[in-house]
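Here is a short briefing on one protein chain. Look over the structure first, then work through the points below.

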Amino acid sequence: MGVPEEIRKVPRPTNTVVVAYGKNKDKYAVKERVGCRSVGGRKLPVDGRIVGHIVNGRYVPREVEEHIPTNEVDIKDYGNILLCDHLFQDLLDSLRKVYCEAECQQIMCIAVLRACYPHIKDDELEKRYGQCFLSEMYPGVALSKNTVCDLLQRLGGAGLRIQRFLEARVEAARSKRLIVDGTLISDESSVNTLSNYSRKARLKKSRDISVIYAYDPDLMEPVCYKAYPGNMVDSRAFKDFIRENRLKNGIIVADKGFPPGSAKAEFAANPDLHYLIAVKNSLKALRECGAFDFDIILDREKGITASKNWSAGMGCWVYGFRTVSIAAEQERAYLARAGEDFDPEDLEEAREGFGVLMILSDLDLDPALVYKVYDERWIIEEAFRMYKDFEELDETRVHSDYSVYGTQFVNYLSTVLTCRLVKRFAEVEALDRISYVKVLDILRSAQRARLPDGSWMNRRMTAKDAGILADLGVYQRPIVPKSPRGRPRKRKNQADIV
């Protein structure tokens with residue numbers, strides 16, 4: 001189709017030619033002439049790139065009409081990134097001892113993004129990275145879906161590097177006691193060997209992966225972890241967990257899923273490694289040593305009594321505790337479940353175990369100290385709750401074994417960062433009655449906008465949110481001089497001055 005004469009006469013750059021666009025009579029391309037070629041003795045012009053278009057009888061340069069690129073973002077989240085970067089620095093230094101700088105930045109960015117933006121998927125990391133200030137603080141980090149998948153695969157395959165990193169974390173642990181517990185993570189993959197039906201399969205209706213964490217109650221964060229198949233019970237993995245993470249000294253505090261007998265060889269081989277582990281009340285050896293004879297009043301107000309006995313059969317100390325309020329709740333629940341065939345003798349037999357906690361230890365300690373140390377286990381329960389609720393990591397989206405191992409390593413780092421965020425929030429009095437998710441929203445509201453000269457400026461926000469972020473150390477309050485109260489003083493006339 002030819003180009004109408006009135007279109008060819010429209011003013012446009014020199015050395016250009018107008019080209020028709022199919023049946024579109026309202027838009028014509030304007031191409032530059034880059035030279036000519038000889039064909040059969042004839043000189044034919046050679047067209048180059050499109051430099052613009054003629055639209056509705058007017059020339060429009062191409063640079064004006066180009067689409068906005070996806071990576072052009074001039075307003076970026078800043079507050080949440082700055083705080084997480086500050087809290088992650090020591091972990092980044094530890095990563096640098098094991099991985100190259102490019103991989104360290106990739107690992108850190110993924111962990112920070114998972115902590116700052118819950119339920120984020122791997123194929124969304126690159127977009128989020130460009131929308132927050134990570135892309136300015138750590139420019140050029142490759143986070144495409146394929147790159148992240150390849151990184152997780154290589155991380156999981158190089159297991160010795162993860163082990164070296166965790167060993168350094170264990171050595172640097174501030175506390176001499178570690179709280180050990182496990183959790184289940186949903187995984188319906190049919191490719192990896194870790195996904196299997198766990199003890200909760202009847203309730204969850206899905207296959208799981210088991211992850212065991214060791215938590216430092218003084219640092220209030222996990223120091224090491226390991227992933228196991230979902231059908232492996234905690235007692236089976238206990239010995240392996242101690243050996244793999246090089247736990248050689250301190251006190252391991254655990255619940256009934258980690259019987260000390262399952263790791264007897266590890267405790268015998270490490271004389272500086274001790275345990276405080278709860279056991280089932282039904283063990284015959286407990287009655288033989290008199291563990292149910294609560295002859296010590298531990299707390300009169302809370303109604304807690306205790307006992308301390310040596311068990312020759314088990315070769316350890318047995319600490320028993322009974323709480324009146326818990327016993328009453330358990331008896332009430334027992335009666336609520338009782339049917340028409342209720343037997344008072346069965347109730348009397350069960351009543352002996354209501355509100356009772358039995359703990360085994362190879363240490364001769366004060367029962368009050370044992371109860372206090374074991375009571376700290378609620379902290380790791382909170383850590384797992386954050387793992388599943390705040391970060392929404394209760395689902396594995398990768399398939400191969402190596403990818404699962406690599407994903408759990410990054411999730412572990414993200415969990416450590418989340419614990420540090422919670423600890424930092426607790427230090428600010430204004431956040432006492434604000435939920436964790438709401439604080440994250442306030443942090444995201446602290447954004448920076450790019451100026452024409454390439455610099456960045458903080459965007460305005462409410463005075464209340466600015467005050468909270470200033471207390472967190474991620475926002476600087478503007479200094480505004482206060483105006484004097486009351487009416488201004490009346491200036492005296494020169495004639496009035498004596």
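Which residue in strand 15 is the bridge partner of Ile-75? The partner is Ala-449. Keep in mind that this is a predicted model.

**An open sheet of three strands**

- Three strands make up an open sheet, and their order is 5-15-16. The pairing is antiparallel.
- Strand 5 and strand 15 (residues 447-450) are joined over three bridges, in the antiparallel sense. Ile-75 and Ala-449 are bridge partners here.
- Strand 5 (75-77) and strand 16 (456-458) stand at the edges. Each has a single partner strand, so one side of each has no neighbour in the sheet.
- From one strand to the next, the twist averages 30°.

**Nonpolar cores**

- In soluble globular proteins, nonpolar side chains tend to be buried together.
- The largest nonpolar core in this model holds 101 residues. Leu-134 and Phe-409 touch the most other members.
- Helix 4 (residues 101-116) gives this core its largest share, ten residues.
- What does Phe-409 touch, leaving aside neighbours within four places in sequence? Its contacts are Leu-95, Tyr-99, Leu-155, Ile-162, Phe-165 and Tyr-225.

**A buried strand**

- Is strand 10 (residues 273-279) largely enclosed or open? Seven of its seven residues are buried, so the rest of the structure largely encloses strand 10.
- In a regular strand the side chains alternate between the two faces of the sheet.
- In strand 10, Leu-273, Tyr-275, Ile-277 and Val-279 point one way. His-274, Leu-276 and Ala-278 point the other way. All of these residues are buried.
- Strand 9 (residues 250-254) and strand 10 run parallel, joined by five bridges. Within this pair, Ile-251 stands opposite His-274.

**Salt bridges**

- Side chains of opposite charge can pair when their charged atoms come close.
- How many salt bridges does the model have? The count comes to 25.
- Glu-5 pairs with Lys-9, and their closest N and O atoms are 2.9 Å apart. Glu-5 is partly exposed, at 44% relative accessible area. Lys-9 is at 60%, which is over the 50% cut-off, so Lys-9 counts as exposed.
- Glu-32 and Arg-49 also form a salt bridge, at 3.5 Å from N to O. This pair links distant parts of the chain, 17 residues apart. Glu-32 sits in strand 2 (residues 24-39), and Arg-49 sits in strand 3 (residues 42-55).
- Glu-32 has 25% relative accessibility and counts as partly exposed. Arg-49 is exposed, at 53%.
- Arg-351 and Glu-348 form a salt bridge too, with closest N and O atoms 2.9 Å apart. Both belong to helix 14 (residues 344-351). They are three residues apart there, so about one helical turn separates them.
- Arg-351 is partly exposed at 28%, and Glu-348 is partly exposed at 49%.
- Shared partners join Lys-226, Asp-240, Arg-243, Glu-244 and Glu-266 into one network of salt bridges.

**A closer look at Lys-226**

- Where does Lys-226 lie? Lys-226 is part of strand 8 (residues 221-229).
- Is Lys-226 buried or partly exposed? Lys-226 is partly exposed, with a relative accessible area of 23%.
- The side chain of Lys-226 makes a polar contact with the side chain of Asp-240, at 2.8 Å.
- The C-alpha atoms of these two residues are 9.4 Å apart. Along the chain, Lys-226 and Asp-240 are 14 residues apart.
- Not counting residues up to four places away in sequence, Lys-226 touches Ser-210, Val-211, Ile-212, Asp-240, Phe-241 and Glu-244.

**An exposed histidine**

- His-86 has its place in helix 3 (residues 79-96). His-86 is exposed, with a relative accessible area of 60%.
- His-86 and Gly-473 are 387 residues apart along the chain. Their C-alpha atoms are separated by 9.9 Å.

Definitions and conventions:
Residues are numbered from 1 along each chain as its sequence is written. This is a predicted model: local features need pLDDT of at least 70, side-chain atom pairs count only at pLDDT 80 or more; totals for chains, interfaces and linings use all residues. Side-chain values use heavy atoms; hydrogens and water are left out. Helices (H or I, at least four residues) and strands (E, at least two) are DSSP runs, numbered from the N terminus. Buried means under 20% relative accessible area, exposed over 50%, partly exposed in between (1.4 Å probe, protein chains only). Contact means heavy atoms within 4.5 Å. A polar contact is a pair of N or O atoms within 3.5 Å; within protein, one must be able to donate a hydrogen and the other to accept it, and residues adjacent in sequence count only if both atoms are side-chain atoms. A nonpolar core is a set of buried Ala, Val, Leu, Ile, Met, Phe, Trp, Tyr and Cys residues joined through side-chain atoms within 4.5 Å. Two strands pair if DSSP finds at least two bridges between them. Axes are lines fitted to C-alpha atoms, for helices over the stretch in contact, and angles run from 0 to 180 degrees between N-to-C directions. A salt bridge is a side-chain nitrogen of Lys or Arg within 4 Å of a carboxyl oxygen of Asp or Glu.
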